[in-house]
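I opened a new page for this model.

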Amino acid sequence: MSTYFSEQQGDKVELVIQVEEQLHKEVSEFQTIEVFQSKDFGKILVIDGVLMLTERDEFIYHEMMVHVPLAVHPGVHRALVIGGGDGGALRELLRYPEIESIDLVEIDERVMRVSQEFFPHLASSFDSDRVHLHVADGLKYIRKWEDHYDLILVDSTDPIGPGVSLFTREFYGNCYKALKGDGILVNQHESPFYDEQARMVWEIRRQTRAVFPVNFLYQAYIPSYPSGHWLFGFMSKGYHPLKDHQPCAWEARGLATRYYNSRIHQGAFALPTYVQSLLDQTGEDFIPVLSGGDQ
């Protein structure tokens, strides 16, 4: 008898994946954490019913979150990851030897422990001497820093449950303060396709536009995420993601990647017209830019 994991991705749209078994389920202090084994996607991490990653396509998300800013900023020595309890962003950051120190702030220690058990290819990065783990609320943690980090990655869940505070004006303002004068912030920015996620994109953009002078969105195609079309935010106090892109220097590193490359970097910032129309909205109310069916 077949078993399926399903995630509601739109009002009338579901992602359904056939799974072989449920490997783990627990209710932590903050959320429900599940791990499934599937044939096509490998192991799947699910939090509060929302798919966080699959073994098959996690590399797309983590490569695009990490390598884009590091191909722009030539001197990242101190980095901060807020969220990222699976360890994937850390894995990619550790490929850069000049990064001396990486703080990871995860509110739910159980996410890290579950990842260590079921996703060791990601969570093995926790053991690095350059990594410092903090079980803490990201909003409270970031308040105490000023002019400290070269790079901040906000690798959070959706703006629900314990992740809500990581999508507020206060949080982004504190990130700005915690960055050095040439610092960069990258965050996961949701999908622009379905109404519910598009509203989140619009709201995040509204909050960050008032804080960061350099503010761009870029995209990747992640099959297991809603609509497959996913956005990331690139924000900084000075560096421009295209004008300051250093493809030759990055390619000289010889890093083996499966999604990111210098051509992808340039093309990822060329957004579809409907996405640009969403971002150009300046009113106080969200207006859907797609029409027909469930959008």
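For sorting residues I count Ala, Val, Leu, Ile, Met, Phe, Trp, Tyr, Cys and Pro as nonpolar, Asp, Glu, Lys and Arg as charged, and the others, Gly among them, as polar. The model is predicted, so I note that local features need pLDDT of at least 70 and side-chain atom pairs pLDDT 80 or more, while totals for chains, interfaces and linings use all residues. Residues are numbered from 1 along each chain as its sequence is written, and side-chain values use heavy atoms, without hydrogens or water.

**Entry 1, cavities.** I looked for cavities (sets of points on a 1 Å grid over the protein atoms alone where a 1.4 Å probe fits but cannot get out; lining residues have an atom within 4 Å of a point). Volume here is the space filled by probe spheres set on the points, with grid points joined across faces, edges and corners. I found four cavities of 30 Å³ or more. By class, the lining of the largest cavity holds 17 nonpolar, 10 polar and six charged residues.

I then asked which elements supply that lining. Helices (H or I, at least four residues) and strands (E, at least two) are DSSP runs, numbered from the N terminus. Strands S4 (42–47), S5 (50–54), S6 (78–83) and S7 (101–106), along with H1, each supply at least two residues of the lining of the largest cavity. S5 gives the most, with four residues.

I took buried as under 20% relative accessible area, exposed as over 50%, and partly exposed as in between (1.4 Å probe, protein chains only). In H1, 13 of 13 residues are buried.

I counted salt bridges (a side-chain nitrogen of Lys or Arg within 4 Å of a carboxyl oxygen of Asp or Glu). The structure holds 10.

Arg110 and Glu26 form one, at 2.8 Å from N to O. Arg110 is in helix H3 (residues 109–118) and Glu26 in strand S2 (residues 13–27), so the pair links distant parts of the chain, 84 residues apart. Arg110 is partly exposed at 33%, whereas Glu26 is buried at 15%.

Glu58 and Arg91 form another, at 3.0 Å from N to O. Glu58 lies in H1 (residues 58–70) and Arg91 in helix H2 (residues 88–93), so this pair ties together parts 33 residues apart in sequence. Glu58 is buried, with 4% relative accessibility.

In Glu109 and Arg113 the closest N and O atoms are 3.2 Å apart. Both residues lie in H3, four residues apart, about one turn of the helix. Glu109 is partly exposed at 37%, and Arg113 is partly exposed at 29%. Elsewhere, salt bridges that share partners join Glu58, Arg91, Glu92 and Arg95 into one network.

I placed Pro241 in the loop between strand S12 (229–236) and helix H8 (247–251). Pro241 is buried, at 0% relative accessible area.

Notes:
1 Å grid on protein atoms, 1.4 Å probe; cavity = no way out; pocket = protein on both sides within 12 Å on 5 of 7 lines; lining within 4 Å.
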